[in-house]
Amino acid sequence: MLKKNAETIVSIKDVHKSFGQLEVLKGVSLDVKKGEVICVIGPSGSGKSTLIRCINGLNDIQGGQINVCGIDLTDPKLDKLELRKRVGMVFQQYNLFPHKTALENIIMAPTLVLKQDKAASEKRAFELMQKVRLEGKEHAYPGELSGGQQQRVAIARSLAMNPDVMLFDEVTAALDPETVKEVLVTIKDLAQEGMTCILVTHEMGFAREVADHIYFTDNGVIVEHGSPKTFFNKAKDPRTKEFLSQIL
Amino acid sequence: MASKRPSTIPGINRHGNTDLPVLKPFAPSQPIAFHTSAWLANMPAWTGFVLLLPLMLWPFASHAAGSFTMTDAFSALIRWMPFLLKSGFLFNVIISLFAMLIGTFLGIILGLGQISKNRFIKRISWFFTQLFRNSPWLVLLFIVLLAFPFEVTIFGVIIPIPDWMKAVIGLSLPIMANISEIVRGAVLSVPTAQWEAAESLAFSRQQILWRIILPQCFKRMIPPWMNWYAILTMATPLCSLLGVEEIITLSRQAMEAENNHPELLVPFYSFALGLFFFYCYPIARVTMYLERRYSVKI
């Protein structure tokens, strides 16, 4: 899947981020090429989520450079809406809009933000529901769907904006082991279609299977990174080894 | 320990089956924000008839002394009743409706101002909310009455401002401030995750507020809003101090017309009390019903 000569779509250079006195990111750099799937793993509080929240401007950074699809995030005149049209994001707690049906959740952003025609967005929404294997649930409210189903609607909702990059923030952490699978299958489909994906995850098996590159973060820095094979089998850093020994 | 009876936790209709120490709920399950409505709605419906009881029983307990008996007082009330109802209480209702309308409209604007990103608007909205929320209603009424001119001239047209209109404005001020707090509280009660999800879909702040956040908290605003309407209605007799011709003013005038016999006091005021009860009681019951219904969701 790895495209050797593909253009870099997300470039993060020496990023620093603090919440008040607490420095969460202490100089993180990574590059993501178009069509690449990367997984960020690491213990809680290591800054994984903060890192990907910086990519779509939900968190502002205090130092370094982030460039997404040619948009410079440190530019004071940055148009966040323009950036977010290119970057989709899926959250741990699904965060569907509870007062809207699955279909309405999906077509809301295309019709209101991209000003697309309603019929066209609906047609696309039906296709997306099919893609996430939820045909027939179009008119269900989030409260009537299971966690896994809600998460797949959330993925469809992000995809409806035709993003260039998808961010997944621990999307299976709130699900039970069985429903985790249905969500992971959806993400895997996406990855195989060539969508650029950045995942924060605790699903090691999934990371090993799907990722092109794995980054291990601890305490605000990237401790180690490499292809899944070398990362899981030949980890060099003692911190990585310790982490892997506890979960594998 | 084993013989101890399992205790009930307020808000949970099941008995616990354990003797082990259990965690009591952190928040009191009684909706504390609805003192007035809760208090009113918890009364049995026959309370209203008890309030009217003096009206019904007094004529029989005729004090023989004096020429003016309770029977006379009662028949005086019967005579005045249609007038008190149509020219008096109806006016209280009209004042309360107008004050609620204006208060709600301004309150929503002020409430949205309180959550504005603009620091200046935020501060100003907060200031006016707190000012009018914490002022005695009567003081506000007097200020409006004395500060407002009795007529205004707009483009050469003289528009009179009658006292009842000033009363409406005066009463709408504290309502505005309280609605402002309701709006602010309701918007803040929506989890920030909803904002983030919407932001990540490239919605603008305006769109998020109007399309995603407010529709979600609209339902939550209705019970406290109705609570304030009931409070407002019960506060309308304050206008009688300004000489507005509402039920209390007219009751006093009617009693004067009946030569101010002290026997008139209980029947006339009981009648007014009963009217307020029968108007506000259903509102309070519906408020508490909606509050229970909506608080279960989410």
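Guide: Start where the chains meet: 23 residues of chain A are in contact with 16 residues of chain B. Contact means heavy atoms within 4.5 Å. This is a predicted model, in which local features need pLDDT of at least 70 and side-chain atom pairs count only at pLDDT 80 or more, while totals for chains, interfaces and linings use all residues. Residues are numbered from 1 along each chain as its sequence is written, chains are lettered from A and ligands numbered from 1 in the order in which they are written, and side-chain values use heavy atoms, leaving out hydrogens and water.

Now the area between the two chains. About 1700 Å² is buried between chain A and chain B, and carbon and sulfur atoms give 66% of that. Buried area is the accessible area (1.4 Å probe) that two parts lose on being put together, summed over both. In chain A, the residues that lose the most area to chain B are A:Phe97, A:His99 and A:Leu112, together 29% of what that side buries.

Next, the charges. Two salt bridges are counted between chain A and chain B. A salt bridge puts a side-chain nitrogen of Lys or Arg within 4 Å of a carboxyl oxygen of Asp or Glu. The side chains of A:Arg84 and B:Glu199 form a salt bridge, at 3.9 Å from N to O.

Which parts of chain A touch chain B? Helix 2 (80-86), strand 6 (87-90), helix 3 (102-112) and helix 5 (147-159) of chain A each supply at least two residues of that side. Helices (H or I, at least four residues) and strands (E, at least two) are DSSP runs, numbered from the N terminus. By class, this side of chain A has 13 nonpolar, four polar and six charged residues. Ala, Val, Leu, Ile, Met, Phe, Trp, Tyr, Cys and Pro count as nonpolar; Asp, Glu, Lys and Arg as charged; the others, Gly among them, as polar.

Chain B has 10 helices and two strands. Along the sequence, the pattern of chain B is α-α-α-α-α-β-β-α-α-α-α-α. Of the 298 residues in chain B, 43% are buried, meaning under 20% relative accessible area (1.4 Å probe, protein chains only), with exposed over 50% and partly exposed in between. One residue in helix 3 (residues 70-114) of chain B is B:Ser96. B:Ser96 is buried, at 0% relative accessible area.
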